[in-house]
Amino acid sequence: MADRINNNKDSVIEKALKEFVDEYLRGQKPDIEEFVRKYPDCEDLLRQRIQNLLKIDTLFDTLMQMDESDFDATSNGLDLIGKKIGGFEIEEIIGRGGMGVVYLAHDTKLDRSVALKSMRAELQASRSQ
């Protein structure tokens, strides 16, 4: 019985998240508190999930193109953690793959966290051709 209740709650949360995202993508940007009150059995969990989605959305909003020379140290295998590049303070590596490294950084101008991706030098060269 408890499993059925949890499954039903999960289903309600997923449906509510889809509704919130659909409204958000249409530019309506619903008020979180007003929205979660429509789902009294799972307000806290739904609020947390929405806030997590908005944090991710904020990270994507802050992705930006930077001059490849800013990341020369990365292409040479040097560590950028603790360094400042432009208005960004590099805090930690959050991803690494065949194309480069993604860093968590702090945007000192906007006072928020951002993700910065550096690409390997050979990929940067082929991109500009």
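## Basis

Residues are numbered from 1 along each chain as its sequence is written, and side-chain values use heavy atoms, with hydrogens and water left out. In this predicted model, local features need pLDDT of at least 70 and side-chain atom pairs count only at pLDDT 80 or more, while totals for chains, interfaces and linings use all residues.

## Aromatic cluster

Searching the whole structure gives two aromatic pairs. Rings of Phe, Tyr and Trp (its six-membered ring) pair if their centres lie within 6.5 Å; planes under 30 degrees apart count as stacked, over 60 as edge-to-face and the rest as tilted. Phe 20 and Phe 35 pair edge-to-face, at 5.3 Å centre to centre with 70° between the planes. Phe 20 belongs to helix α1 (residues 2–25) and Phe 35 to helix α2 (residues 32–36), so this pair ties together parts that are 15 residues apart in sequence. Helices (H or I, at least four residues) and strands (E, at least two) are DSSP runs, numbered from the N terminus.

Phe 35 also pairs with Tyr 39 in a tilted arrangement, 5.7 Å centre to centre and 45° between the planes. Phe 20, Phe 35 and Tyr 39 form one aromatic cluster. Phe 20 and Phe 35 are buried, as is Tyr 39. Buried means under 20% relative accessible area, exposed over 50%, and partly exposed in between (1.4 Å probe, protein chains only).

## Positive phi in loops

Lys 29, a residue other than glycine, has a positive phi near 40°. Lys 29 sits in the loop between α1 and α2 and is exposed at 52% relative accessibility.

Asp 111, also not a glycine, has a positive phi near 50°. Its loop runs between β3 (100–107) and β4 (112–119), and Asp 111 is exposed, with a relative accessible area of 58%.
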